[in-house]
Amino acid sequence: MNKLKTVIKNNKRELILKSPLIGASGTYGYTDEFEDFIDLNCLGAISTKGITLEARSGNEGDRIFETECGLINRIGLENVGIKKFISDKLPILKQKNIDFLLNIAGSSIEDYERLADIAQQNSIKAIEVNVSCPNVKSGCIEFGLNPDSLFNLTSKIRKNYKGFLIVKLSPNTSDITSLANAVESAGADCISAINTLRGLGVDIKRIGNKFIKKTVQGGLSGKCVKPVALYMVNAIKKSVNIPVIAMGGISSLGDLLEFLAVGADAFQIGTANFINPKICTTLAMELKKYIEENNFQDFEDLKTKIKGA
Amino acid sequence: MKEYTGKIYNIEKLTHDTTKVVIESALDSAHSGQFISVLCENRTLRRPFSISDFEKIENNKSLLTILVKIKGKGTEFLSNLKINDEISILAPLGNGFSIKEEASLLVGAGIGIAPMLFLKKELNKQNINNYLIAGFRDDKEIIKGYDEVTIGGSVVDRLEDLIKEKNIKIVYACGPEIVLKLIGKLCKKLNIKSQLAMEKVMACGIGVCRGCVIKIKKNETISTASICKDGPVFSGNEIIWEENE
Ligand SMILES: Cc1cc2nc3c(=O)[nH]c(=O)nc-3n(C[C@H](O)[C@H](O)[C@H](O)COP(=O)(O)OP(=O)(O)OC[C@H]3O[C@@H](n4cnc5c(N)ncnc54)[C@H](O)[C@@H]3O)c2cc1C
Ligand SMILES: Cc1cc2nc3c(=O)[nH]c(=O)nc-3n(C[C@H](O)[C@H](O)[C@H](O)COP(=O)(O)O)c2cc1C
Ligand code: FES
């Protein structure tokens, strides 16, 4: 019996995974990129790099800035586009039997509708919607920061897509509960949180009698964001009834237990993969050992009991 | 590519700020131009280093050498390791130089000499005519193993003469981006091939995050390529250089 079997469900749909550990979008590639390091069949799933309608070449200039306990990135959604994903990547995922969430992103509501439609036509089991993208048609304000626009966007995607719909929330808000409520009432099956936090890296040097400044503005991730992620997951769980896939700075068994204690149903691992490419399976093994040593029946049993704490 | 536990086999100071670190591991093969990434204490990201030498010593056991120039906390950590200390490495990463059987000029600017020493060894093994020129800012920085050295001025100034003198057909180079850019342009002008080992701050080191990309032009189409997986070695004719560098 697989003790790590994970059931992510609401009153309409469910997503069953082999393990609660998922490789986070943007840090795990599209398909079998981590195959050299781990057995991908032991993974809960991978969340693909964010896919847009057309291929994107990403941002110019420096894309990575390391901070004391984290990382700022401004990749700019470089990706192969949905067409190439379907023609080149999907067959690999299918052939190798790798479970995945298709992470999608767009710059207009129509983009997302089209992507949802394509996911539906290709019988993709689960999609994760990155809503931390600027809506080009309404002054580049992010879709995910306003409850009304988020409700609208989620409803439109829901209309076109009948599979398991996960909406990934941005932490760059003062009111996460309204956003979570909007997503739930628009018919999403699950929330994942958090995406990266806005951050600025500054490198200032004095060379001769001149200051040389370099800045990198982008999304902050890694260990330093964990307390923010815990706060957000806790707040979301208190305001909605749908399940939550938690992420943000997870790198140890202790982190998994902390997120479970505030209501997480499964986990995604992002930045930590860069430090230890085996982390998803290492944590799965540690979690299994913890379950066995503490005499829980399985992961679902642990989840139920820790939530009562 | 795999994750290995590497044991420090030897560690030796080469200059005031550069250390030669010899790592024993189960790494099976490596080729010049490839690199490793090392996990450093208290750093979020692994640090990339060119493989400067590689030798199999037994079945399942090999020695690989990196040259580490101190820049910040990661390189300082590595420079202070002791024999028998253990480190986690990902190796071998990237595509190395694609060796051509032609008169070769090797250029190492500063710590860029590291992969050139390994390339020279590989070329010598195959009896390919080669000449390594190194450039350093001053006497204190000198790392040995070259055929010729420029101290102070720019190593690039010597190249055109050398290429003609030695009837060079291909140039391999590693060093700061400004130097590589000049070398790439010079080779284009002289109509000879160049292979340049590029650098950029890396996050994953294995091609998944797209944090280390440059623009390249192949068959008239422009695309992005990751230095860590598609590179770090690129043909000088392919690279589209960023402005103001
Ligand atoms: C493919 C590749 C091969 C390399 N090979 C070698 C080698 O053989 N020997 C060697 O000594 N160094 C090599 N480097 C550079 C080395 O990785 C950096 O110097 C190191 O990561 C700096 O880490 P740090 O913590 O000491 O310094 P940090 O505190 O991280 O940085 C100190 C300074 O170095 C700069 N820096 C950081 N990372 C890089 C980088 N990747 N490239 C250039 N500058 C950087 C920063 O901008 C900063 O100004 C290589 C880099 C790459 C990408
Ligand atoms: C380099 C990088 C690229 C990312 N790309 C995406 C992306 O394309 N889509 C997305 O929804 N999230 C993306 N993210 C966010 C992560 O999936 C995750 O939400 C965030 O990094 C927090 O988790 P962590 O602290 O474990 O990294 C990216 C993160 C990083 C570090
Ligand atoms: S460092 Fe991630 S793609 Fe090169």
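## Ligand 2 and its contacts

Start with K168(A): in this predicted model, one of its polar side-chain atoms sits 2.8 Å from an oxygen atom of ligand 2. T271(A) also uses a polar side-chain atom, at 2.7 Å from an oxygen atom of the ligand. G222(A) does its part through the backbone, with an N or O atom 2.8 Å from an oxygen atom of ligand 2. The protein covers 97% of the 600 Å² of accessible area that ligand 2 has on its own.

Who else is around? A total of 23 residues surround ligand 2, and the closest are S25(A), K168(A), G222(A), G249(A) and T271(A). Sorted by class, that shell holds 15 polar, six nonpolar and two charged residues.

## The largest cavity

Which strand gives the most to the lining of the largest cavity? That's β2(A), with three residues. Both β2 (14–17) and β7 (100–104) of chain A supply at least two residues each. Among the lining residues are L15(A), I16(A), L17(A), F100(A) and L101(A), along with D99(A) and K125(A). By class, the lining has seven nonpolar and two charged residues, with no polar ones.

Conventions:
Residues numbered from 1 in each chain as written. Chains lettered and ligands numbered in written order. Predicted model: local features only at pLDDT ≥ 70, side-chain atom pairs only at ≥ 80, totals over all residues. Heavy atoms only, no water. Near = heavy atom within 4 Å. Polar contact = N/O pair within 3.5 Å; in protein donor to acceptor, adjacent residues only side chain to side chain. Areas by Shrake-Rupley, 256 points an atom, 1.4 Å probe, with all protein chains shown as cover. Nonpolar A, V, L, I, M, F, W, Y, C, P; charged D, E, K, R; others polar. 1 Å grid on protein atoms, 1.4 Å probe; cavity = no way out; pocket = protein on both sides within 12 Å on 5 of 7 lines; lining within 4 Å. Helix = DSSP H or I, 4+ residues; strand = E, 2+ residues; numbered from the N terminus.
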